[in-house]
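Subject: Structure handover

Hello,

Here is the structure you were expecting. Please open it beside this message and read the notes below against it.

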Amino acid sequence: MKNPFNKIFPYSRQFIDQSDIKNVVRVLKSGFLTQGPEILKTEKKIAKFVGSKYAVLTSSCSSGLHIACKALQLKKNSNILTSPITFVSTATSALHCKYKVLIGDIDKNSLMLSNDDIEKNINVNNIKLVIPVHFAGAPYDIKRLTKIRNKKNLKIIEDAAHAFGALYKNGDKIGSCKHSDMTVFSFHPVKIIAGGEGGVVTTNSKELYNRLLELRSHGINKDPNEKFQNKKEGYTGKQKNLWFYEMKELGFNYRQTDIHSALINSQIDKISKFLKYRKKLVKKYDNWFKDLKNVKITQQHLRNLSSHHLYILKINFEKIKISRNDFMKRLRSKGIITQVHYIPLYIHPYFQKNSNFKVLSKKNSDEYYQKCLSIPVYYNLKSKEQKYIFNQIKFLVQNKGK
């Protein structure tokens, strides 16, 4: 079948309308392009949406994960546990803080860090921090992890890069931080909410909130309510000097711009529409793929809670007698761009040679990696286009790539 649409179908993409453009232009015409009022405005909107007390916008999800790890102030060489099926920054954020990264296996059904692995390794390896990943937009089983946390005084940072708008089983929004210290989201263009670039950290802790604000901006304190340590230079009499600020610790330039914030703010107004449409697409795929031999649908039991950032199939490429690379190339020749989420962390050369990185178990992760494939799912993918994508995959599977 030839591509009748004469267009490319990526595995995910942003949707921008006139309201987004208008909001960004408004900021471009204002007096602030960065470090202006749009930042706090968007942070408050995000916190209200997810149900947290605080939100701190960052330049990316990766930078958000980094300062979240640093804000906890764990001792050097503290052991943290996370999933191998994630983007590299989940692990590098901890390595940047001189923590040791331990890798547990994933659960076969959820494709997320196995709570059995956590329970098995928490005492043996003295785990201080767990970074669960809400993978593909589906919620991690945080309730069980919370029980472990309460017994062992664990710290928890939720990597929710995929999961803006997703729900826990009890109906709370991911990001409410009722079960964790902090949650980190991504606003990369392929995510649910597109900000060009950007991320946000949510928390209910005032102490962590203040540390995140400082770490985001070079470790500098500008809080008018906080006393300066350098009293001689910071004050004239009892009054604070208007020009003065002080650097308290080594931080980073991880600030968000008002331009990006304006886009994020506008995009959040469409979140319900985005989530509803993605759910509709996923329902169609589930119905079409359910009886296709050598193809397995993933995370089906979490459909009502997921933000559906990714639609992932497990395809038995060995049985259909075509390599995944050839399979992807054939689809690409028809305008269909697929992807693998993710290359397990332990396959990357950097992690293999890093003495602060250790794999505890990976059997399920290996099996998943050999078969996984993310196919197009995004807002504004038309029904006819989606059917075309399905038919192309079905043809390759049934005809063994011929």
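What follows is a short account of what was found, taken region by region.

Please keep in mind that this is a predicted model.

Cores

The largest nonpolar core has 86 residues. Those with the most contacts inside it are Ile46, Phe135, Phe164, Tyr285, Phe289, Tyr311 and Phe327. Helix H10, residues 271-289, gives the most to this core, contributing eight residues. Another core lies apart from it and has 32 residues, including Val56, Leu65, Ala91 and Val201.

Leaving aside neighbours within four places in sequence, tyrosine 311 is in contact with Val282, Tyr285, Asp286 and Phe289, among others. The list of its contacts also includes Ile297, Arg303, Leu373, Ser374, Ile375 and Val377.

S13, residues 311-315, is joined to S15 by four bridges, and the two run antiparallel. Isoleucine 312 has serine 374 as its bridge partner in S15.

Glutamine 299 sits in the loop between S12 and S13. Its phi is positive, about 60 degrees, although the residue is not a glycine. Glutamine 299 is buried, with a relative accessible area of 5%.

Helix H1

Which residues of H1 are buried? In this helix, residues 18-28, they are Asp20, Asn23, Val24 and Val27. These four cover an arc of only 95 degrees around the axis, and therefore lie on the same side of H1. Gln18 and Lys22, on the other side of H1, are exposed. The buried residues of H1 pack against helix H2 (37-50) and helix H9 (258-268).

Cysteines

How many disulfides are there? The count comes to zero, where a disulfide would need a pair of cysteine sulfur atoms within 2.5 Å. For cysteine 61, the closest cysteine sulfur is that of cysteine 69, at 11 Å, which is too far for a bond. Cysteine 61 is buried, at a relative accessible area of 9%. Cysteine 97 is in no disulfide either. The nearest cysteine sulfur to that of cysteine 97 also belongs to cysteine 69, and is 5.2 Å away. Cysteine 97 is buried as well, with a relative accessible area of 14%.

Strands S4 and S5

S4 (127-131) and S5 (155-159) pair in the parallel sense over two bridges. Valine 130 stands opposite isoleucine 156 in S5. S5 is mostly covered, as four of its five residues are buried.

Asparagine 125 lies in the loop between helix H5 (115-121) and S4. Is asparagine 125 buried or exposed? Its relative accessibility is 16%, so asparagine 125 counts as buried, the cut-off being under 20%. Apart from neighbours within four places in sequence, asparagine 125 is in contact with Asn79, Leu102 and Leu360.

Backbone points to check

Two further places concern the backbone.

- Histidine 341 and tyrosine 342 are joined by a cis peptide bond, with omega about 0 degrees. Tyrosine 342 is in the loop between helix H11 (324-332) and helix H12 (349-352).
- Glutamine 73 has a phi near 55 degrees, a positive value in a residue other than glycine. The residue is in the loop between helix H3 (61-71) and strand S2 (79-82). Glutamine 73 is exposed, with a relative accessible area of 52%, whereas glutamine 299 is buried.

Regards

How values were computed:
Residues are numbered from 1 along each chain as its sequence is written. This is a predicted model: local features need pLDDT of at least 70, side-chain atom pairs count only at pLDDT 80 or more; totals for chains, interfaces and linings use all residues. Side-chain values use heavy atoms; hydrogens and water are left out. A nonpolar core is a set of buried Ala, Val, Leu, Ile, Met, Phe, Trp, Tyr and Cys residues joined through side-chain atoms within 4.5 Å. Buried means under 20% relative accessible area, exposed over 50%, partly exposed in between (1.4 Å probe, protein chains only). Contact means heavy atoms within 4.5 Å. The arc is that of the directions from the helix axis to the C-beta atoms. Two strands pair if DSSP finds at least two bridges between them.
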